[in-house]
Amino acid sequence: SKVDCMVWIVTWLAVTLLGLDLGLGVGVGFSLLTIVLRTQFPSSTLLGQVSDCEIYRDCKDSQVKEISGIKIFRLNMPLCYTNCDSFKTALHKRTGLDPVAVLARRRKEERARRRMEAADSESSGCFTTERSRRREKSGGDGGVANPGMAV
């Protein structure tokens with residue numbers, strides 16, 4: 001890879017110019033720097049299906065078509081605590097989904113569904129209100145305790 005080639009060249013130049021001890025130290029330091037940078041800025045792609053195959057490749061390829069309703073996200077690096085923020089950012093950017101907006105839409109739809117169920121059950125007589133419960137306890141006649149009793 002290009003990064004490994006750069007590590008080799010930097011180490012070789014450092015050993016040639018600074019000597020063996022310092023040169024290897026510079027090479028190890030540069031190698032650690034490249035590892036940190038690669039974990040902080042991982043590459044990611046969206047995958048699509050190659051026509052008439054079970055092979056998935058980057059969607060930038062002309063023979064690849066995205067599956068409708070499905071997003072296949074690939075992070076080209078192990079996921080760990082050091083790159084989790086860049087993972088979330090890349091995921092939102094590549095898929096075009098905002099999880100906060102999706103959650104708000106789901107909650108709104110759930111509230112609307114509950115209101116519809118409540119309205120349906122109230123109109124069918126299955127829903128008992130506090131007033132109808134009190135009416136049943138008191139004898140069922142407008143709040144009068146004993147309707148047969150003369151006052």
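## Packing of helices α1 and α2

In this predicted model, the axes of α1 and helix α2 (residues 20–40) come within 7 Å of each other and cross at roughly 155°. Because angles over 145 degrees count as roughly antiparallel, α1 and α2 are described as roughly antiparallel to each other, and α1 passes α2 in a right-handed crossing.

On the α1 side, the residues that meet α2 are Val-3, Asp-4, Met-6, Val-7, Val-10, Thr-11, Ala-14, Val-15 and Leu-18. Their partners in α2 are Leu-20, Leu-22, Gly-23, Leu-24, Val-26, Gly-27, Phe-30, Ser-31, Thr-34 and Arg-38. By class, this contact of α1 with α2 comprises 12 nonpolar, five polar and two charged residues. An α-helix has 3.6 residues a turn, so residues three or four places apart point the same way.

Elsewhere in the chain, helix α3 (residues 84–95) has 12 residues, which at 1.5 Å a residue should span 16 Å, and its end C-alpha atoms are 16 Å apart, in agreement with that expectation. Helix α3 is followed by Gly-96, whose phi is positive, near 75°.

| Element | Residues | Mean pLDDT |
|---|---|---|
| helix α1, highest | 2–18 | 93 |
| helix α5, lowest | 130–138 | 57 |

The protein chain averages a pLDDT of 79, and 80% of the residues score at least 70. Over residues 142–151 the pLDDT is below 50, and this stretch has five contacts in the model beyond near neighbours in sequence. Where pLDDT is low, the predicted coordinates should not be read in detail.

Notes
Residues are numbered from 1 along each chain as its sequence is written. This is a predicted model: local features need pLDDT of at least 70, side-chain atom pairs count only at pLDDT 80 or more; totals for chains, interfaces and linings use all residues. Side-chain values use heavy atoms; hydrogens and water are left out. pLDDT is the predictor's confidence in each residue, from 0 to 100. Helices (H or I, at least four residues) and strands (E, at least two) are DSSP runs, numbered from the N terminus. Contact means heavy atoms within 4.5 Å. The expected span of a helix is 1.5 Å times one less than its number of residues. Axes are lines fitted to C-alpha atoms, for helices over the stretch in contact, and angles run from 0 to 180 degrees between N-to-C directions. Angles under 35 degrees count as roughly parallel, over 145 as roughly antiparallel, 65 to 115 as roughly perpendicular and the rest as oblique. A crossing is left-handed if the near helix is turned anticlockwise from the far one by less than a right angle, and right-handed if clockwise. Ala, Val, Leu, Ile, Met, Phe, Trp, Tyr, Cys and Pro count as nonpolar, Asp, Glu, Lys and Arg as charged, and the others, Gly among them, as polar.
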